[in-house]
Amino acid sequence: MEKISDIVIWRDANKISEEIQATVENLDWEENSSLKERITTTVAEIPCFIEKGYSEKENLVEALDKAKKASQKTRSLVYDSFIKNYLTKEDFDYLYNELAHLSSDIGKSKINLLFPGR
């Protein structure tokens, strides 16, 4: 079995997770620390679901479903943070687009598992 660090989708998920956590850590959340906590918790779940799926091969498709849902939820929370003026337009655009690409890549990984050679 390959190491989890060899799995491209996990590396991508881990990278965006670290970027989002670093970005939100440096923001002034005033009275909305629960939004910050939801973002950091949800984004951290993405690589965890992928890692769990690859370590338990029989549940990989389900784990990728959970990772994709977590990435979509994180995207929604990033949007909410932007609307509430916690994120700059530049940070929002970058993080939102990275999460959209990640979600798409997770979906492609799932399709490749279900339909090999496609």
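Q: Which residues of α3 are called buried in this predicted model, and what makes them so?
A: The model is predicted. In α3, the buried residues are Leu 60, Ala 63, Leu 64, Ala 67, Ala 70, Ser 71, Thr 74, Leu 77, Val 78 and Ser 81. Buried means under 20% relative accessible area, so each of these falls under that cut-off.

Q: What do the buried residues of α3 pack against?
A: They pack against α1, α2 and α4.

Q: How do you know that the span of α3 is close to the expected one?
A: α3 has 24 residues. At 1.5 Å a residue, 34 Å is expected. From its first C-alpha to its last, α3 reaches 35 Å. The two values are close.

Q: What follows α3?
A: Asn 85 does, and its phi is positive, near 65°.

Q: Which residues have the most contacts inside the largest nonpolar core?
A: They are Ile 9, Ile 20, Ile 39, Ile 46, Ile 50, Leu 102 and Ile 106. The core has 27 residues.

Q: What does Ile 9 touch, not counting residues up to four places away in sequence?
A: Ile 9 touches Ile 50, Tyr 54, Leu 102, Asp 105, Ile 106 and Ser 109.

Key. Residues numbered from 1 in each chain as written. Predicted model: local features only at pLDDT ≥ 70, side-chain atom pairs only at ≥ 80, totals over all residues. Heavy atoms only, no water. Core = buried A, V, L, I, M, F, W, Y, C linked by side-chain atoms within 4.5 Å. Buried < 20%, exposed > 50% of the residue type's maximum accessible area, 1.4 Å probe, protein only. Contact = heavy atoms within 4.5 Å. Helix = DSSP H or I, 4+ residues; strand = E, 2+ residues; numbered from the N terminus. Expected span 1.5 Å × (residues − 1).
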